[in-house]
Amino acid sequence: MSGQNLTKNEQLLAQENSALRNENAILKEQLALLQEQLDWLKKQFFGRKTEQTSVIMDGGTQLSLFPEENEQAVSVSENTITVPEHQRKAKRTHDEWMSNLPVKEVRHEEDDPVCEKCGAEMREIGEEKVYDELVYVPGEFYVRRHIAKKYKCKKCGQNP
């Protein structure tokens, strides 16, 4: 009986093997077809593009856009018109076109400036323009100029 079991098992294994081989062959064909489609799509998307046509008529000649009757050369008129050279205006910079806008200053200063190092009171030594900001309120533009005060410590001379 064990001899018959082996033959039945061998037959089942042989059938399963042939089924798997057939499935493998089908999958390989599908993979080849899909790879071919992918290559074509890549060529269409990433490939070289040109406006030239590759259509050539019988006899190796390309179609003409004009009928054969009009192949005679058209003489160019001897009358020429001279057009004066065009002068372009220089482009304006931000500073140039913002210079005509009204300016509203915003001053940034401390109430009681104190030195972080020694704790002494600091005195004002000047101010500096930090930046200009273009502001749009419906119907108007203006420049908001931010100005910061500069301070110096009376005792240690430390600038914050």
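At 42% relative accessibility, Glu-124 counts as partly exposed, a class that lies between buried (under 20% relative accessible area) and exposed (over 50%), computed with a 1.4 Å probe on protein chains only. The model is predicted, so local features need pLDDT of at least 70 and side-chain atom pairs count only at pLDDT 80 or more, while totals for chains, interfaces and linings use all residues. Residues are numbered from 1 along each chain as its sequence is written, and side-chain values use heavy atoms, with hydrogens and water left out.

The strands come first. Helices (H or I, at least four residues) and strands (E, at least two) are DSSP runs numbered from the N terminus. S2 and S3 pair in the antiparallel sense over 14 bridges; two strands count as paired if DSSP finds at least two bridges between them. Within this pairing, Tyr-151 in S3 is the bridge partner of Glu-124. The hairpin of S2 and S3 has 2 residues between the strands, and Gly-139 there takes a positive phi near 100 degrees. S1 and S3 pair in the parallel sense, over 6 bridges, and Lys-104 stands opposite Arg-144 in S3.

Next come the charged side chains. Side chains of opposite charge can pair when their charged atoms come close. A salt bridge here is a side-chain nitrogen of Lys or Arg within 4 Å of a carboxyl oxygen of Asp or Glu, and by this rule the count comes to 7. A network of salt bridges links Glu-105, Arg-107, Glu-109, Glu-124, Glu-127 and Lys-149.

Glu-127 and Arg-107 meet through their side chains in a salt bridge of 2.8 Å, N to O. Glu-127 belongs to strand S2 (residues 122-137) and Arg-107 to strand S1 (residues 103-108), so the pair ties together parts that are 20 residues apart in sequence. Glu-127 is partly exposed, at 39% relative accessible area, and Arg-107 is partly exposed at 40%.

His-146, in strand S3, is buried, with a relative accessible area of 8%. Its side chain is joined to that of His-108 by a polar contact of 2.9 Å. Such a contact is a pair of N or O atoms within 3.5 Å; within protein, one must be able to donate a hydrogen and the other to accept it, and residues adjacent in sequence count only if both atoms are side-chain atoms. Leaving out residues up to four places away in sequence, His-146 touches Val-106, His-108, Glu-128, Lys-129, Val-130, Tyr-131 and Glu-133, where contact means heavy atoms within 4.5 Å.

Val-103 lies in strand S1 and is partly exposed at 40% relative accessibility. Not counting residues up to four places away in sequence, Val-103 touches Val-143 and Arg-145. Val-103 and Leu-134 are 31 residues apart in sequence and 9.5 Å apart in space, C-alpha to C-alpha.
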